Amino acid sequence: MPYDPSADVIEVIRHPAPSRAAGAYRVFGETLRGLKTTFARVVEGPHTIQYPEEKTPVYPRWRGRHRLHRFEDSDPAHPGLEKCVGCSLCAAACPADCIRVVAAENTPENRISAGERYAAVYEINLSRCIFCGYCEVACPFDAITMGHDYELSDYTRSDLIFTKEMLLAEPIERTPLRTEGE
Amino acid sequence: MIHLADVNYFEPWWAQIIKSLVIFGVVFAILPLLTIYERKLLGRFQGRYGPNRVGPFGLMQPLAEIVKFATKENFRPTTSIGFLYRLAPMLAILCAISALALIPWGDVNDIFGTRFGLYGIDVSIGPLYVFALAGISFYGIMLGGWASGSKYSFLGAMRGAAQLISYEVSQGLALVGVLITSQTLSLTGIVHAQRGMWYIVPQLAGFLIFLTASFAETNRAPFDLVEADAELVAGYFTEYGGTGFVAYLFSEYVNMMVVSGIATTVFLGGWMLPGNPHIPGWVDPFIVGAKMMLFMTLFIWVRATLPRLRYDQLMSFGWKVLLPLATLNLLVTAIVVVA
């Protein structure tokens, strides 16, 4: 069958331009419609989240402030020892170069971590951190994970350098966790 | 002495002083509440709360702002004309407040044995007085914009001048229809004439025209080209800060109240309720207040809804649509009343 271009033409239905009176009527009608739309917002109620009092819940995989972990006290092999062995893989993976690890040898008298060495210094400069989570991925012992805390402001830059003790401490859960399906 | 107008009922001089002080005090107590009401309602219309941090429910917000404005440095631009620059906001607020005297809050009532008229003054030229003051308050805008010595202010003032003149005509003509029907120029007289039926029913067209023109007269959205915060920064009061700014702001709100009051008196039956139930006289001001509040809410609602008109749209709407409509309304009313 030969191609008939006129078969592809779609008729565009154009209504005649409204007259003065119809235009005025339409303006009036549209104004009322607009008023209805805005009034529906009053009925609907505000959507604002009253932030400091009311917080958006975070997802379980939210990448907030880092946490360092210990073994459980009840763990049979290494009760209460730090998981971090000071391998510096996290520091190597960090694109923002915000992690500083200084390793030291464990001794039988002073046993801190489960491995041969432990992190004598473990600092994260949170003013540089981009919360990419590469450190978490790089860690072979799951010693560092991303927590849920996102309220990280302070008055001085130096206060944003978190030391090992701060990262190890049980975090104050200031951010609500989103429950499944929410 | 030239005889300017008849005064229908007036009290001894001391009662008039008390009355004026009470009206002034109450209105200026309501004004800050009105600003917070507008901001909170605007918030609701936009799906948010509006100010709610200062004091309970944010009700202390206007107080905080007044303190902020009052403690600001009183400076003026070097290009400004000092005397006029200071005079203009005073003129604006003076005219706005003077117009308040006309709004009838209630009938003549016995209070503590003295007969008080619950209004500033009841003259036989009511609406003319209001329009005269509106005409003078236009100098407040004009002088303010010109004396600031700034291009933005001057542009804003020029726009304001053209807009106010254009819409004053339609506003006045819309009221004339009512005046023909009621056969009186006294505002209390107009309220009494509405005992049978409020004028919003027979004068619906006039009411809509008056309302639309009032939006333009009070420089409210969608006719707020005078301020046009996005294009002209703030129009004629760009260069004003501190108390001068507050004077302009308050005069705008007082103008809103005056227009609402006139609309209430002229179209919504003033202090009357549907069915004319027997109520004590002291309730009257509250009824008028509630009706005025309806208009305020409408003003805010429209502000939240409609975008600002373009300048040529504003002018063509005023002269080509509103003015012929108002004239037609007047003509029809006149024919109906005479026939």
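Guide: Helices here are DSSP runs of H or I with at least four residues, and strands are E runs of at least two, numbered from the N terminus. One more thing before you start: this is a predicted model.

Visitor: What share of chain B is buried?

Guide: Buried residues account for 42% of its 339 residues. As for contacts in chain B between residues at least 6 apart in sequence, 80% join residues at least 24 apart.

Visitor: Let's go inside. Which residues of the largest nonpolar core touch the most other members?

Guide: That core has 81 residues, and the ones touching the most other members are Ala92(B), Ala96(B), Ala99(B), Val130(B), Val258(B), Ala263(B) and Val266(B).

Visitor: Which helix gives the largest share of this core?

Guide: Helix 9 of chain B, with 14 residues. Several helices of chain B each supply at least two core residues, including helix 3 (82-100), helix 5 (151-182) and helix 11 (311-338).

Visitor: Back to Val266(B): what is it in contact with, leaving aside neighbours within four places in sequence?

Guide: Val266(B) is in contact with Leu175(B), Val178(B), Ile190(B) and Tyr199(B).

Visitor: Where is Tyr199(B) placed?

Guide: In the loop between helix 6 and helix 7 of chain B.

Visitor: Is Tyr199(B) buried or exposed?

Guide: Buried: Tyr199(B) has 22 other C-beta atoms within 10 Å, and the cut-off for buried is 20 or more. Beyond its neighbours within four places in sequence, Tyr199(B) is in contact with Val178(B), Thr181(B), Gln194(B), Val266(B) and Phe267(B).

Visitor: Changing topic, how many residues does each chain bring to the contact between chain A and chain B?

Guide: Chain A brings 11 residues and chain B brings 11 residues. On the chain A side, 4 are nonpolar, 5 are polar and 2 are charged.

Notes: Residues numbered from 1 in each chain as written. Chains lettered and ligands numbered in written order. Predicted model: local features only at pLDDT ≥ 70, side-chain atom pairs only at ≥ 80, totals over all residues. Contact = placed C-beta atoms within 7 Å. Nonpolar A, V, L, I, M, F, W, Y, C, P; charged D, E, K, R; others polar. Core = buried A, V, L, I, M, F, W, Y, C linked by C-beta atoms within 7 Å. Buried ≥ 20, exposed ≤ 12 C-beta atoms within 10 Å, placed from the backbone.
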